[in-house]
Amino acid sequence: MTLRAALAQKKMLDKQINSASMKAFTTTKDNTEKIINGLSIEDWEADTKARWQSLNDKIVRREAIANAILNANAKTYIEVPKFKSFDDINGDEKESLSFAAAIARKNYYKNELTSIMRTITNGVSSVSKMYTKRVKETDRYIVERVNNEFGNTTNASSTQRANREAELNAQYKVDLLDPAEITKKMKNAAEAIDAYLVNIDAALGHMTEITEIEIEY
């Protein structure tokens with residue numbers, strides 16, 4: 001069967017095994033009871049044995065399929081964009097990875113790398129808000145400072161006030177420092193990760209449809 005069919009069957013078997021394991025394999029009765037769950041005692045016992053055998057058969061097949069999938073994941077290779085770093089996440093260079101490595105790469109991008117990016121982006125957003133707040137506070141401070149300094153001076157010119165404001169602005173100017181250009185890089189990284197996940201999903205999906213595996217048990 002194809003790898004995709006094997007994955008689907010493994011998922012189905014997991015569901016069936018879980019459902020079968022929740023049904024009772026033992027019960028109690030007294031000598032007056034002749035029926036259990038609508039079955040005669042003999043039929044209930046036969047049904048229970050059959051359900052137990054079926055459960056075990058499903059477990060055996062599920063494990064055989066799981067092993068075949070693992071073997072295919074280790075031995076089947078696909079080409080994916082090469083992972084480097086946030087500074088080179090959009091590179092065109094390709095690399096060959098086993099299914100297992102490609103799935104691990106996908107999970108790393110989807111979980112850990114996305115979480116790291118989110119943490120950094122939240123930090124950038126927090127600093128940006130702080131920058132806006134500090135700029136407003138500084139502007140208010142300068143206005144109050146100039147008003148206090150020139151409040152009782154009747155002969156102060158508008159040029160003097162403007163010069164004093166410029167002097168204070170230069171002294172208390174608030175800067176937003178982003179020496180590594182993180183703001184820009186995180187935006188690019190978010191787009192690149194989304195594109196990477198789409199591409200690797202498509203590559204894995206295509207290969208699961210054409211890769212044949214053998215189930216042995």
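Contact here means heavy atoms within 4.5 Å. Helices (H or I, at least four residues) and strands (E, at least two) are DSSP runs, numbered from the N terminus. The structure is a predicted model: local features need pLDDT of at least 70, side-chain atom pairs count only at pLDDT 80 or more, and totals for chains, interfaces and linings use all residues. Residues are numbered from 1 along each chain as its sequence is written, and side-chain values use heavy atoms, with hydrogens and water left out.

Start with H5. The buried residues of H5 pack against helix H1 (3-21), strand E3 (77-81) and H3. Buried means under 20% relative accessible area, exposed means over 50%, and partly exposed lies in between (1.4 Å probe, protein chains only). Among the buried residues of H5 are Met 186, Ile 193, Tyr 196, Leu 204 and Met 207. Gly 205 and Thr 208 are also on that list.

H5 has 29 residues. From first C-alpha to last, H5 reaches 41 Å, close to the 42 Å expected at 1.5 Å a residue. The expected span is 1.5 Å times one less than the number of residues.

Next, the core. A nonpolar core is a set of buried Ala, Val, Leu, Ile, Met, Phe, Trp, Tyr and Cys residues joined through side-chain atoms within 4.5 Å. The largest one holds 24 residues, and Ile 78 and Ile 213 touch the most other members. H1, helix H2 (41-75), E3, H3 and H5 each supply at least two residues of this core. Its largest share, eight residues, comes from H5. In soluble globular proteins, nonpolar side chains tend to be buried together.

Which residues does Ile 78 touch, not counting residues up to four places away in sequence? The list is Glu 95, Ser 96, Leu 97, Phe 99, Ala 102, Ala 203, Leu 204 and Met 207.

## Aromatic rings

Rings of Phe, Tyr and Trp (its six-membered ring) pair if their centres lie within 6.5 Å; planes under 30 degrees apart count as stacked, over 60 as edge-to-face and the rest as tilted. By this rule there are three aromatic pairs. One of them is Tyr 109 with Tyr 196, which is stacked: 4.1 Å centre to centre, 15° between the planes. Tyr 109 lies in helix H3 (residues 99-150) and Tyr 196 in helix H5 (residues 182-210), so this pair ties together parts that are 87 residues apart in sequence. Tyr 109 and Tyr 196 are both buried.

Tyr 141 and Tyr 172 form an edge-to-face pair, at 5.3 Å centre to centre and 75° between the planes. Tyr 141 lies in helix H3 and Tyr 172 in helix H4 (residues 158-172), so the pair joins parts that are 31 residues apart in sequence. Tyr 141 is partly exposed, with a relative accessible area of 34%. Tyr 172 is also partly exposed, at 30% relative accessibility.

A charge can also sit over a ring, if NZ of Lys or CZ of Arg is within 6 Å of the ring centre and within 35 degrees of the ring normal. Arg 51 lies over the face of Phe 25, at 4.9 Å from the ring centre.

## Salt bridges

Side chains of opposite charge can pair when their charged atoms come close. A salt bridge is a side-chain nitrogen of Lys or Arg within 4 Å of a carboxyl oxygen of Asp or Glu. The structure holds 13 salt bridges. The table gives some of them.

| Salt bridge | Closest N to O |
|---|---|
| Asp 14 and Lys 10 | 3.9 Å |
| Asp 14 and Arg 62 | 2.8 Å |

Asp 14 and Lys 10 are four residues apart in helix H1, so about one helical turn separates them. Asp 14 is partly exposed at 30% relative accessible area, and Lys 10 is partly exposed at 24%.

Asp 14 also pairs with Arg 62. That pair links distant parts of the chain: Asp 14 in helix H1, Arg 62 in helix H2, 48 residues apart. Lys 10, Asp 14, Arg 62 and Glu 63 are linked in a network of salt bridges.

Arg 145 and Glu 149 both lie in helix H3, four residues apart, about one turn of the helix. Arg 145 is partly exposed at 25% relative accessibility, and Glu 149 is partly exposed at 32%.
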